[in-house]
Amino acid sequence: MPIPTLSQSIVITLIQCLLVVVFVFVVVPLTVFAERKVLGYLQQRLGSTRVASGHVGITGWMNRGMWKWGRIPVLSYWRGIPGLVADILKLILKEDVIPAKADKFVFFIAPALSMVSAVVVFAAVSFVPGVFFTFPKWFPFVGGLPVSGGIADINVGLLWILGVASVGVYGIVLAGWASNSKYPLLGGLRSAAQMVSYEVPLAISLLAPVVLSASLNFAEMSERMAVGLPFWGLVPQVLGFLIYLTCGFAETNRLPFDMPEAENELVAGFHTEYSGMKFGFFYLAEYINMTVVAALAAGFFLGGPWLLPFGLQGLLNPYLPGFLSWFGEPHAIFFAVKIIFILFTYIWVRGTIPRYRYDQVMSVAWKYLIPMALVNLLLAALVRCFAV
Amino acid sequence: MFKNEEMEVNLGPQHPSTHGVLRVKLRLDGETITHCRPMIGYLHRGVEKICENQTFFQGQVWTDRMDYCSAVANNLGWAEANEKLFGITVPRRAQYIRTMLNEFNRLASHLIWLATHALDIGAMTVFLYAFREREDILDMNEAFCGSRLTTTAFRIGGLREDLPPGFEKLVTKFLAKFPSCLEEYENLLSENRIWKKRTVGVAKLSAEDAIALGVTGPVLRAAGVPYDIRKAFPYAAYAEMDFEVPTKTEADTYARYLVRMEEMRQSARIIQQCMDGMPEGPVMAKLPKILRAEVNEVYHATEAPKGEIGYYLVGEKGSGNPYRFHVRAPGFINLQALPKMAEGGLIADIVAAIGTLDIVLGEIDR
């Protein structure tokens, strides 16, 4: 394998970044779309089927002909797709109102904090261990060089993820404060308390995989949880998985824990005063955070990029025909499928259950989740001592 | 810098869960409500005064626009109050049809209550499920009188027209599927831990307080007082119907939820009985072209979905319109209980309290 020069490795890293950013910005709008459609079908309606502007203007142009898709079985599901483009156009073109009494600098910096911390987390997420693909020899400039499955292979990856993710809380708290308005203030206060509380059980529940895999590196953890344990990490860590997922819902402000933006109580919570693309950043950050939580859950508890649980893989491999043998290898697609499944769970839960009250949210965290997470950690330690 | 201050917040008049244009002045200590005063009047149109300048026949159109979620029940009260004023006897078939439509309307109103109450608490799927059934009821309204929401369903003296052909089939179809729909809502809510946490023991209103404040309807019955005008002072064809008045003693939001769910079952029972025992005959009494009142006053109360709706009418000799008209609107009087229910609770509880009172601002402000 050739050793890359400095400029070559910079280009390779940029390509990796591009891949991850493309993944994030494909998955996130599709999650928004899926939220509309899945929620729609859960509630016996169609979800979005058009851009609501008739036949005039840019959106009208996108809308034109879309209704015909309704007659085609599979395509009919995707009729609402132009709505996503219209949404983004609307967010970008909308007037950006800053309240007169707002703290302008903080008001400006808050959405950026939320957004940046959400995206940067992905640096430490490894989609597939080792090499994702190698450039062919004839490729100009970077020919023959490998592209790894994650941007940064940090040996304290989990620490990085938790650390950066918690910076996102500042975005919300500062947004609530800087708006200088009452409902956002309440929303910001709620989120400060809620997200700080839920970070504790979240971190403890993630300590269990750390104990089991004896590593903090995302790729190593994911591999040891998936391959080293029977049936991925899910069997010894089912409690940890549930705790983690619950805390993940709370950290991303999703129902049943959407206190900071509880629509029916606080109008829109911390982002009441935001409009245009600043609001868009909060909106995107929420969905990117969902993807991050889903990626961690998939990586640590659902076997990451491995398709079959350990044990089954060995039994099945001889019978897989040649072209299917890559089913036995770790692959980024399996990782993506698992992420999408957890994103679906988010929407599913949202369509099913009501919202907790603020004080109940806190009692769930402190009275139930933290003790349970500690017990789970003890369990993992015992497994580590005697089984692995 | 560290001042210990209470924060004043206006909940409404533009707020997602104030059911229209209610404004509640809140004083908050953190998230706890220390002071709560509902402010009303944003939807005031002067319905009562307008009705005094209209003939007795025309007035009914305005009753639609009070509680627009239960227009039929309002129409029934108005028609019966006028019939009492003029001493008109309504044919039996008309009474039955009125009773049936009134119960359908109770279902529609309770479904709206369930939908919005659940949405306020965060269960958004129930909202759309409930609206699905309400749609069928509105379709029946449309089949009967041509409009869906503001029905003007009845006439003084009976009905304008008999049931349309095929109406029976619609009713049978609805009644066949409705119990399973109710089960669907209850599966999502009744035993849901979060729903119970949000409603059990929340926004309590004891029977004494409820009576002292004049609260009626399901809110009163959930406090253990079995007062239902359909039983206490039967009107329309309710004397001939066999139904129960569900009560609970817990007097909290969850009890009100259970009471209203059971009321829906009873309403379905009444509709079934109306269909089975529907008498034949005319649907309109003989009336003069213009009703001219004697000097007379009348108060007629009926059980609207939200509580006792009373119509107070004063006639003037020889005049074609009422001399004085006043409505005892259940929402208006029930709303008085809001401070009692919400003070001391959290800000999320006032949303539950507004939902459980089942208010419609069109009726409160009139």
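I count two residues as in contact if their C-beta atoms, placed from the backbone, lie within 7 Å. I am working from a predicted model.

**Entry 1: chain B, overall**

I started with chain B. I found 15 helices and six strands in it. I then looked up its radius of gyration, which is 21 Å. The globule rule also gives 21 Å for 366 residues, so chain B is as compact as a globular protein of that length. Along the principal axes, its C-alpha atoms fill a box of roughly 75 × 45 × 35 Å.

**Entry 2: sheet 1-2-3 of chain B**

I turned to the strands. Three of them make an open sheet in chain B, in the order 1-2-3, with antiparallel pairing. Which strands stand at the edges? They are strand 1 and strand 3 of chain B. Each has a single partner strand, so one side of each is left without a neighbour in the sheet. I noted an average twist of 20° from one strand to the next.

Next I went through the pairs. Strand 1 (residues 7–11) and strand 2 (residues 23–29) of chain B are joined by five bridges. Within that pair, Met7(B) has Leu28(B) as its bridge partner, and Leu11(B) has Val24(B). Strand 2 of chain B also pairs with strand 3 (residues 32–39) of chain B, over seven bridges in the antiparallel sense.

Strand 2 and strand 3 of chain B form a hairpin, with two residues between them. Gly30(B) sits in that turn and has a positive phi of about 70°.

What lies across this sheet? I found helix 14 (residues 347–357) of chain B across strand 1, strand 2 and strand 3. Helix 14 of chain B runs at about 35° to strand 3 of chain B.

**Entry 3: sheet 4-5-6 of chain B**

I looked up the other strands. An open sheet of three strands has the order 4-5-6 in chain B, paired antiparallel. Strand 4 (296–304) and strand 6 (324–328) of chain B are the edge strands, each pairing on one side only. The twist averages 10° from one strand to the next.

Strand 5 (residues 307–315) of chain B meets strand 6 of chain B over five bridges. Gly310(B) stands opposite Arg328(B) of strand 6. Helix 3 (residues 71–86) of chain B packs on this sheet and touches strand 4 and strand 5. Its direction makes about 150° with that of strand 4 of chain B.

**Entry 4: helices of chain A**

I moved to chain A. Helix 6 (residues 182–213) and helix 13 of chain A pack with their axes 8 Å apart, at an angle of about 10°. Angles under 35 degrees count as roughly parallel, so helix 6 of chain A is roughly parallel to helix 13 of chain A. The residues of this contact divide into 22 nonpolar, four polar and two charged.

In the model, residues 154–177 of chain A are 88% helix and 0% strand, with end C-alpha atoms 34 Å apart. Residues 105–134 of chain A are 53% helix and 13% strand, and their end C-alpha atoms lie 45 Å apart.

**Entry 5: where the chains meet**

Definitions and conventions
Residues numbered from 1 in each chain as written. Chains lettered and ligands numbered in written order. Predicted model: local features only at pLDDT ≥ 70, side-chain atom pairs only at ≥ 80, totals over all residues. Helix = DSSP H or I, 4+ residues; strand = E, 2+ residues; numbered from the N terminus. Pairing = 2+ DSSP bridges. Axes fitted to C-alpha atoms, helices over the stretch in contact; angles between N-to-C directions. Parallel < 35°, antiparallel > 145°, perpendicular 65-115°, else oblique. Nonpolar A, V, L, I, M, F, W, Y, C, P; charged D, E, K, R; others polar. Rg over C-alpha atoms; globule rule 2.2 N^0.38 Å.
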